[in-house]
Amino acid sequence: MTINPTYLAQRTRTSVNWAEAKARVRKSYREWLRASPEIQTMYSLNVPVSAIRTKIRQQFEKHRYVSQINVVDVLLYKSHAEFQETLNYWKQLSHVMKYFRVEEEPAARLPPNFITGFLEGRN
(Lines give C-alpha, C1' and ligand atoms only; values in the text may rest on other atoms or scores of the structure.)
Protein backbone atom coordinates (compact mmCIF):
# COMPACT_ATOMS: atom_id res chain seq x y z
CA MET A 1 0.00 0.00 0.00
CA THR A 2 1.46 3.32 -1.06
CA ILE A 3 1.22 6.26 1.29
CA ASN A 4 -0.19 9.32 -0.41
CA PRO A 5 -0.24 12.23 2.04
CA THR A 6 -2.44 14.33 -0.22
CA TYR A 7 -5.17 11.70 -0.36
CA LEU A 8 -8.32 13.33 1.02
CA ALA A 9 -6.53 16.66 1.48
CA GLN A 10 -8.68 19.79 1.44
CA ARG A 11 -8.00 23.47 1.72
CA THR A 12 -8.95 25.18 4.92
CA ARG A 13 -11.83 27.53 4.33
CA THR A 14 -14.41 29.45 6.27
CA SER A 15 -18.15 29.31 5.91
CA VAL A 16 -19.85 32.40 4.55
CA ASN A 17 -23.16 31.83 6.31
CA TRP A 18 -25.03 29.28 8.40
CA ALA A 19 -26.51 27.51 5.39
CA GLU A 20 -23.06 26.75 4.02
CA ALA A 21 -21.79 25.70 7.45
CA LYS A 22 -24.69 23.28 7.91
CA ALA A 23 -24.14 21.85 4.43
CA ARG A 24 -20.46 21.30 5.20
CA VAL A 25 -21.32 19.58 8.49
CA ARG A 26 -23.79 17.28 6.72
CA LYS A 27 -21.19 16.46 4.08
CA SER A 28 -18.61 15.63 6.73
CA TYR A 29 -21.11 13.48 8.64
CA ARG A 30 -22.04 11.56 5.50
CA GLU A 31 -18.37 10.98 4.65
CA TRP A 32 -17.79 9.47 8.07
CA LEU A 33 -20.88 7.26 7.80
CA ARG A 34 -19.95 6.01 4.34
CA ALA A 35 -16.42 5.21 5.49
CA SER A 36 -17.56 3.19 8.52
CA PRO A 37 -17.37 -0.25 6.82
CA GLU A 38 -13.95 0.59 5.42
CA ILE A 39 -12.71 1.71 8.84
CA GLN A 40 -13.96 -1.53 10.35
CA THR A 41 -12.08 -3.68 7.83
CA MET A 42 -8.91 -1.53 7.77
CA TYR A 43 -8.41 -1.67 11.52
CA SER A 44 -9.93 -5.17 11.96
CA LEU A 45 -12.32 -3.90 14.59
CA ASN A 46 -14.44 -6.35 16.57
CA VAL A 47 -17.15 -3.72 16.63
CA PRO A 48 -20.17 -3.84 14.30
CA VAL A 49 -20.55 -1.09 11.71
CA SER A 50 -23.73 0.04 13.45
CA ALA A 51 -21.77 0.72 16.65
CA ILE A 52 -19.18 2.71 14.69
CA ARG A 53 -21.94 4.78 13.12
CA THR A 54 -23.55 5.32 16.51
CA LYS A 55 -20.26 6.57 17.94
CA ILE A 56 -19.83 8.91 14.96
CA ARG A 57 -23.33 10.24 15.59
CA GLN A 58 -22.52 10.81 19.27
CA GLN A 59 -19.37 12.73 18.37
CA PHE A 60 -21.32 15.00 16.02
CA GLU A 61 -24.16 15.42 18.52
CA LYS A 62 -21.68 16.56 21.16
CA HIS A 63 -21.27 19.83 19.25
CA ARG A 64 -24.82 20.20 17.98
CA TYR A 65 -25.60 23.49 19.69
CA VAL A 66 -22.48 25.43 18.74
CA SER A 67 -23.66 28.93 17.88
CA GLN A 68 -20.59 30.54 16.29
CA ILE A 69 -19.62 29.96 12.68
CA ASN A 70 -15.90 30.26 13.45
CA VAL A 71 -16.15 27.46 16.00
CA VAL A 72 -18.05 25.28 13.51
CA ASP A 73 -15.29 25.87 10.95
CA VAL A 74 -12.60 24.79 13.44
CA LEU A 75 -14.60 21.69 14.38
CA LEU A 76 -15.00 20.85 10.69
CA TYR A 77 -11.28 21.24 10.17
CA LYS A 78 -10.56 18.91 13.10
CA SER A 79 -13.14 16.42 11.87
CA HIS A 80 -11.60 16.33 8.43
CA ALA A 81 -8.09 15.95 9.86
CA GLU A 82 -9.33 12.95 11.90
CA PHE A 83 -11.03 11.55 8.82
CA GLN A 84 -7.89 11.89 6.71
CA GLU A 85 -5.67 10.34 9.38
CA THR A 86 -8.11 7.46 9.86
CA LEU A 87 -8.53 6.59 6.19
CA ASN A 88 -4.85 7.03 5.36
CA TYR A 89 -4.12 4.48 8.10
CA TRP A 90 -1.96 6.92 10.04
CA LYS A 91 -3.53 5.80 13.30
CA GLN A 92 -2.94 2.72 15.34
CA LEU A 93 -5.67 0.47 16.65
CA SER A 94 -5.47 2.05 20.10
CA HIS A 95 -6.17 5.50 18.62
CA VAL A 96 -9.36 4.24 17.02
CA MET A 97 -10.46 2.13 19.97
CA LYS A 98 -10.19 5.05 22.40
CA TYR A 99 -13.62 6.15 21.18
CA PHE A 100 -15.15 2.85 22.30
CA ARG A 101 -13.72 2.72 25.83
CA VAL A 102 -16.22 2.67 28.65
CA GLU A 103 -13.84 4.80 30.72
CA GLU A 104 -14.35 7.68 28.30
CA GLU A 105 -17.86 8.18 29.65
CA PRO A 106 -17.75 10.64 32.58
CA ALA A 107 -20.32 8.68 34.64
CA ALA A 108 -18.23 5.50 34.45
CA ARG A 109 -14.95 7.31 35.13
CA LEU A 110 -15.89 9.26 38.26
CA PRO A 111 -17.26 7.78 41.47
CA PRO A 112 -20.70 9.00 42.58
CA ASN A 113 -19.30 10.72 45.69
CA PHE A 114 -16.05 11.36 47.53
CA ILE A 115 -16.37 8.57 50.09
CA THR A 116 -16.99 5.90 47.46
CA GLY A 117 -13.97 7.04 45.48
CA PHE A 118 -11.86 7.17 48.64
CA LEU A 119 -12.85 3.64 49.67
CA GLU A 120 -12.11 2.36 46.15
CA GLY A 121 -8.61 3.79 46.43
CA ARG A 122 -8.99 6.54 43.84
CA ASN A 123 -7.28 9.86 44.31
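This is a predicted model: local features need pLDDT of at least 70, side-chain atom pairs count only at pLDDT 80 or more; totals for chains, interfaces and linings use all residues.
**Notebook: contacts, core and pockets**

Leaving out residues up to four places away in sequence, I find F83 touching L8, E31, W32 and A35.

Next I looked up the largest nonpolar core. I count 12 residues in it, and F83, W32 and A35 are among them. Others on the list include Y29, I39, Y43, I56 and V96. Helix 1 (18–42), helix 2 (49–61) and helix 3 (69–87) are the elements that give this core two or more residues. Helix 1 has the largest share, four residues.

I then searched the whole structure for aromatic pairs and got four. For F114 and F118, I note ring centres 6.0 Å apart and planes at 25°; the pair counts as stacked because the angle is under 30 degrees. The two lie four residues apart in helix 6 (residues 114–120), so about one helical turn separates them. I checked exposure as well: F114 is exposed at 63% relative accessible area, and F118 is exposed at 55%.

For the second largest pocket I have about 370 Å³. I list 16 lining residues, and Q10, R11, R24, L76 and H80 lie nearest its centre. Here helix 3 gives the most, six residues. The lining divides into five nonpolar, five polar and six charged residues.

Conventions: Residues are numbered from 1 along each chain as its sequence is written. Side-chain values use heavy atoms; hydrogens and water are left out. A nonpolar core is a set of buried Ala, Val, Leu, Ile, Met, Phe, Trp, Tyr and Cys residues joined through side-chain atoms within 4.5 Å. Buried means under 20% relative accessible area, exposed over 50%, partly exposed in between (1.4 Å probe, protein chains only). Contact means heavy atoms within 4.5 Å. Rings of Phe, Tyr and Trp (its six-membered ring) pair if their centres lie within 6.5 Å; planes under 30 degrees apart count as stacked, over 60 as edge-to-face and the rest as tilted. On a 1 Å grid over the protein atoms alone, a cavity is a set of points where a 1.4 Å probe fits but cannot get out, and a pocket is an open set with protein on both sides within 12 Å along at least five of seven lines; lining residues have an atom within 4 Å of a point. Grid points are joined across faces, edges and corners, and a volume is the space filled by probe spheres set on the points. Ala, Val, Leu, Ile, Met, Phe, Trp, Tyr, Cys and Pro count as nonpolar, Asp, Glu, Lys and Arg as charged, and the others, Gly among them, as polar.
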